[in-house]
Amino acid sequence: MRKNLLALALALSVTPAFAQEKTFELKISHWVPASHPLQKAMEDWGAAVEKASGGTIKYKVFPAQQLGKAKDHYNMARDGIADVTYVNPGYDPGVFPIIGAGELPFLMSDAKGGSEGLDAWYRKYAEKEMKDVKFCLAFIHSPSSFHSRTKKIVVPEDIKGLRIRPAHATMGNFVTLLGGTNVQSSAPEVRDIIERGVADGVTFPWGSLVLFGVDKVTKYHMDAPLYVTTFAFVMNKDKYNEMSDRQKKAIDDNCNTEAAGRVGEPWGKFEDAGVDKVKAEPGQEVYTLTPDQLAQWKKAAEPLVKTWADGVKAKGVDPDAAMAELKASLAKYNALTQ
């Protein structure tokens, strides 16, 4: 009887605190199709927050640029157009130089470990360049490379004279360095620009190549771990600050390195599966590089590190220390390219 009374008293003492909490419905926005694995990753993230909050934080996911263009997603979170957004920092050249370390060629080997390693490293730097939002987590997709329509790209010299849609600012710098021309577009627009002859090729991950139909307008595919793209989930600060401590904890418990791995891993598997899909299509040529060709690409990419370092110095960060920390973090999570 005494136990029952204590349980009742405890329940009565807790319930009013829950009742006083405001209920939120988070608008979660991204810019890839609802059929992309990111959709489920964001739904799973929202469901985990809802459960942790005792049902007081609900969510709705808006895919495919419904709330705004891909490039605008950081500002959308900052301005409250959406509450949580999916950001490609490389869509804004020069704005987020520190996290751009993850875009440097031949650095990461695995989506899950790369996501965890990047996220664990970036947490100490996020406030320096993403201070207008609440940083949630960072992650990557699987390593990928060049896909082209009419010319096989084997060595760096092959880029000269080509019009390439780069995945982000770092790959854009690489294309320029090699004598190519950049064509800017968001991921959903890539098939169209290649089909119309505006671009000759693209840097794109494998599964998304098929999902966006880019495989229908390309023929030559370099199978090499040339680059990854860094991404982030960010949240509107005002919305977060309106929440109770318990609700903030529900958000914080899903904005961490473990959560970054949960987002990166399924996307990585999806992209990796795309290699065999493209190989199975008639008329496609998927090719690997010889050790000598790979060495040429690595040598050609060396100036990108200096460009990255200069941008990081402007943020008051020591690039040598930051890069050493990133490599150590990637090694810890078994995702550092050898």
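Colleague: Gln65 sits in the loop between S2 and H3. What makes its phi stand out?

Modeller: Phi of Gln65 is near 65°, a positive value in a residue other than glycine. Most residues other than glycine have a negative phi. Ala64 is in the loop between S2 and H3 too, and Ala64 has a positive phi of about 55° without being a glycine.

Colleague: What kind of model is this, and which residues count for local features?

Modeller: The model is predicted: local features need pLDDT of at least 70 and side-chain atom pairs pLDDT 80 or more, while totals for chains, interfaces and linings use all residues. Residues are numbered from 1 along each chain as its sequence is written, and side-chain values use heavy atoms, with hydrogens and water left out.

Colleague: How many helices and strands does the protein have?

Modeller: There are 13 helices and eleven strands in the protein; these are DSSP runs numbered from the N terminus, a helix (H or I) having at least four residues and a strand (E) at least two.

Colleague: Why is Ala64 called partly exposed?

Modeller: Buried means under 20% relative accessible area, exposed over 50%, and partly exposed in between (1.4 Å probe, protein chains only). Ala64 has 43% relative accessibility, so Ala64 counts as partly exposed.

Colleague: Ala82 lies in the loop between H3 and S3. Is Ala82 buried or exposed?

Modeller: Its relative accessible area is 0%, so Ala82 is buried. Leaving out residues up to four places away in sequence, Ala82 touches Lys27, Ser29, Leu67, Met76, Ala77 and Asn236; contact means heavy atoms within 4.5 Å. The C-alpha atoms of Ala82 and Ile28 are separated by 6.2 Å, although these residues are 54 apart along the chain.

Colleague: What makes Lys40 and Asp44 a salt bridge?

Modeller: The rule asks for a side-chain nitrogen of Lys or Arg within 4 Å of a carboxyl oxygen of Asp or Glu. For Lys40 and Asp44 the N to O distance is 2.8 Å, and by this rule the count comes to 21 salt bridges. Both residues lie in helix H2 (residues 37–52), four residues apart, about one turn of the helix. Lys40 is exposed at 52%, whereas Asp44 is partly exposed at 41%.

Colleague: Which parts does the salt bridge of Asp92 and Lys71 tie together?

Modeller: The side chains of Asp92 and Lys71 meet at 2.9 Å, N to O. Asp92 lies in the loop between strand S3 (84–87) and helix H4 (111–122) and Lys71 in the loop between strand S2 (57–62) and helix H3 (73–79), so the pair ties together parts 21 residues apart in sequence. Asp92 has a relative accessible area of 14% and is therefore buried; Lys71, with 47%, is partly exposed.
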